[in-house]
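Subject: Structure for your files

Hello,

Here is the structure I said I would pass on. My notes follow below it.

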Amino acid sequence: MSETRVMSVSEFHVVPEDYVSLPEATIQSLASSQFFVAWFTCACFCFSHLAFVYIGKRVWRSLEHMMDVLVFELLAGGSCIALAYLGTSLYFSDVQLEDKFRGYDERSQTISQVMLGYQVYNLVVCSTVPDFIGFAMLVHHVLTGTLALLGSYAYCHGYCSFFFGLIEITNVPLTLIDIFKFFPSLQVKYASIYTGTRSLFALLYLIIRIIMWPIATLQFWYGSITRLYDGTAANGGTIEVVTCTLFLGANLALTALQFIWGKRIMQGALKAMKPKKPKTT
């Protein structure tokens, strides 16, 4: 078995000449080629959504009122699969960054960009489609999108593989569950698939978001607090200190959401496992 190789930034990837890092970040840089993948991803999602909804409403008129929901879930599922693949392959790669906070990783840059584009698309949908409008999800998408934006300036590239990639594994079965939720007739028609998907989701959620997430979070917090305490963050200027603090606050909020949702998921799983009482006549 090969040992994991930890390499410095210069040995791992050469930073592009026109790359804007966090200390030099400006509003104008959002229009640079550095963010091409993000805006291209967002545009593809939005265009695909509109196109598939338009076609779907004319082909399946019986589903016309739910076409926005169906198209979103299918696109979300595809995005989760892509992010999960990119993140998991990087997470288990035998080459890792030495500096997880300020090191540059081309693959992490791509993951951050795709996540940013996806979260902007999510915000558009959650602000316009009534079935998805909700405060908790809006907060989730704003926080995640902000972190992905800052990650696109080569901040916390060493943690992108997990927080922006591997954890999306749990969202793959979740999108299928959401489809079952919005189309109840499918729950009866494909009862075994529905039950199996819920069980798989609960298991993956427990392993990845209840067990693995806190471990990664503790490592992230230890590194962040150390950088703030020893002045390393201050070397990057006020913007890096603010970013480091913002990441800590956002991570705290997202961690709380993981456990709130986790409690509901586990309660639902335990309820489903209880044997149903026979009906009395």
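The notes cover a helix pair, a pocket and the aromatic rings.

Please keep in mind that this is a predicted model.

Helix pair. Helix 3 (residues 67-91) packs against helix 7 (residues 171-182) with the axes 8 Å apart and at an angle of about 170 degrees. Angles over 145 degrees count as roughly antiparallel, and helix 3 and helix 7 are therefore roughly antiparallel to each other. On the helix 3 side, the contact is made by V69, L70, E73, L74, A76, G77, C80 and I81. Helix 7 contributes N171, V172, T175, D178, I179 and F182. Sorted by class, this contact has nine nonpolar, three polar and two charged residues.

Pocket. The second largest pocket has a volume of about 220 Å³. Helix 6 (157-165) gives the most to its lining, with five residues, and helix 9 (191-229) supplies at least two. The residues that line this pocket are Y91, Q96, K100, G158, Y159, S161, F162, F163, M212, I215, A216 and Q219. Seven of the lining residues are nonpolar, four are polar and one is charged.

Aromatic rings. There are 22 aromatic pairs in the structure. One of them joins F45 and Y121: the ring centres are 5.0 Å apart and the planes are at 15 degrees, so the pair is stacked. F45 sits in helix 2 (residues 36-59) and Y121 in helix 4 (residues 106-128), so the pair links distant parts of the chain, 76 residues apart.

Regards

Methods. Residues are numbered from 1 along each chain as its sequence is written. This is a predicted model: local features need pLDDT of at least 70, side-chain atom pairs count only at pLDDT 80 or more; totals for chains, interfaces and linings use all residues. Side-chain values use heavy atoms; hydrogens and water are left out. Axes are lines fitted to C-alpha atoms, for helices over the stretch in contact, and angles run from 0 to 180 degrees between N-to-C directions. Helices (H or I, at least four residues) and strands (E, at least two) are DSSP runs, numbered from the N terminus. Angles under 35 degrees count as roughly parallel, over 145 as roughly antiparallel, 65 to 115 as roughly perpendicular and the rest as oblique. Contact means heavy atoms within 4.5 Å. Ala, Val, Leu, Ile, Met, Phe, Trp, Tyr, Cys and Pro count as nonpolar, Asp, Glu, Lys and Arg as charged, and the others, Gly among them, as polar. On a 1 Å grid over the protein atoms alone, a cavity is a set of points where a 1.4 Å probe fits but cannot get out, and a pocket is an open set with protein on both sides within 12 Å along at least five of seven lines; lining residues have an atom within 4 Å of a point. Grid points are joined across faces, edges and corners, and a volume is the space filled by probe spheres set on the points. Rings of Phe, Tyr and Trp (its six-membered ring) pair if their centres lie within 6.5 Å; planes under 30 degrees apart count as stacked, over 60 as edge-to-face and the rest as tilted.
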